[in-house]
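Here is a short briefing on a predicted model. Please keep the sequence and the structure open while reading.

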Amino acid sequence: MSELVVTLLRVGFLVLLWLFVLAALNVLRKDLFGTRVTARGRGRRNRGNRAPQNARPARNEPTRLVVTQGPLAGTTIPLGPSAVLVGRSPGCTLVLDDDYSSNRHARFFPKDDGWWVEDLGSTNGTVVGPERIAGPVQVPPGTPVRIGQTVIELRR
């Protein structure tokens with residue numbers, strides 16, 4: 001009887017050990033490759049959220065996002081009606097090659113005739129001008145936004 005109990009304890013311990021190893025591998029996989037994002041309704045168009053084709057941005061509104069410092073210095077992303085996701089994940093709009101940034105680090109988004117940035121719970125934070133931000137902050141054109149070792153600016 002005692003041999004049966006010891007054998008069952010050994011098998012139970014082995015199962016728990018393998019569950020731990022599989023969970024650790026799953027975390028590593030998500031960290032290396034990011035989470036998978038699937039597009040829903042690929043063929044459908046949502047005409048209510050689209051900007052008119054001939055609409056031009058206001059004269060003082062930024063039209064591009066420019067990386068001014070860091071490994072991707074000189075990279076420019078045109079701004080449109082949708083948000084720009086910044087981080088190391090391949091699913092981001094601007095994929096950073098920066099060890100000090102998170103997979104999904106920050107998000108630039110249009111709101112109330114301006115562009116805003118919010119930190120998405122990153123480890124090292126997002127700095128707008130001289131201050132680290134805690135919530136969404138409006139970003140005037142030309143203001144440096146530091147994400148890890150990368151500096152980004154909104155420009156006209």
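**Briefing**

β3 and β5 run antiparallel and are joined by 3 bridges. Within that pairing, Leu 85 stands opposite Arg 107 in β5. Helices (H or I, at least four residues) and strands (E, at least two) are DSSP runs, numbered from the N terminus. Two strands count as paired if DSSP finds at least two bridges between them.

The model is predicted: local features need pLDDT of at least 70, side-chain atom pairs count only at pLDDT 80 or more, and totals for chains, interfaces and linings use all residues. Residues are numbered from 1 along each chain as its sequence is written, and side-chain values use heavy atoms, with hydrogens and water left out.

**Overall make-up**

- The protein chain holds 1 helix and 11 strands.
- From the N terminus on, the elements run α-β-β-β-β-β-β-β-β-β-β-β.
- Of the 156 residues of the protein chain, 28% count as buried. Buried means under 20% relative accessible area, exposed means over 50%, and partly exposed lies in between (1.4 Å probe, protein chains only).

**Helix and nonpolar patch**

- UniProt, in an unreviewed entry, lists residues 6–28 as "transmembrane region". UniProt positions are given in the numbering used here, feature names are shortened, and annotations may be inferred rather than shown by experiment.
- In the model, residues 6–28 are 100% helix and 0% strand. The end C-alpha atoms of this span lie 33 Å apart.
- A nonpolar surface patch covers about 960 Å².
- Patches are made of residues with over 30% relative accessible area and no salt bridge; like charges are joined within 9 Å, nonpolar side chains (Val, Leu, Ile, Met, Phe, Trp, Tyr) within 5 Å. A salt bridge is a side-chain nitrogen of Lys or Arg within 4 Å of a carboxyl oxygen of Asp or Glu. Accessible areas come from the Shrake-Rupley method with a 1.4 Å probe; for residues, only the protein chains shown count as cover.

**The open sheet**

- 5 strands form an open sheet with mixed pairing, in the order β4-β3-β5-β6-β9.
- β4 (94–95) and β9 (137–138) are the edge strands, and each pairs on one side only.
- Strand β3 (residues 84–87) runs parallel to β4, joined by 2 bridges. Gly 87 stands opposite Val 95 in β4.
- Both faces of β3 are covered. Val 84 and Val 86 on one side are buried, as are Leu 85 and Gly 87 on the other.
- Strand β5 (residues 106–110) pairs with β6 in the antiparallel sense over 5 bridges. Phe 109 stands opposite Trp 116 in β6.
- β6 also pairs with β9 in the antiparallel sense, over 2 bridges. The partner of Trp 116 in β9 is Gln 138.

**Burial of β6**

- Strand β6 (residues 115–119) is largely enclosed by the rest of the structure, because 5 of its 5 residues are buried.
- Trp 115, Val 117 and Asp 119 are buried on one side. Trp 116 and Glu 118 are buried on the other.
- In a regular strand the side chains alternate between the two faces of the sheet.

**The β5–β6 turn**

- β5 and β6 form a hairpin with 4 residues between them.
- Asp 112 lies in the loop between β5 and β6. Its phi is near 50 degrees, a positive value in a residue other than glycine. Asp 112 is exposed, at 61% relative accessibility.
- Asp 113 lies in the loop between β5 and β6. This residue has a positive phi of about 55 degrees although it is not a glycine. Asp 113 is exposed, with a relative accessible area of 77%.

**A buried glutamate**

- Glu 153 is in strand β11 (residues 150–155). Glu 153 is buried, with a relative accessible area of 16%.
- The side chain of Glu 153 makes a polar contact with the side chain of Arg 155 (3.2 Å). A polar contact is a pair of N or O atoms within 3.5 Å; within protein, one must be able to donate a hydrogen and the other to accept it, and residues adjacent in sequence count only if both atoms are side-chain atoms.
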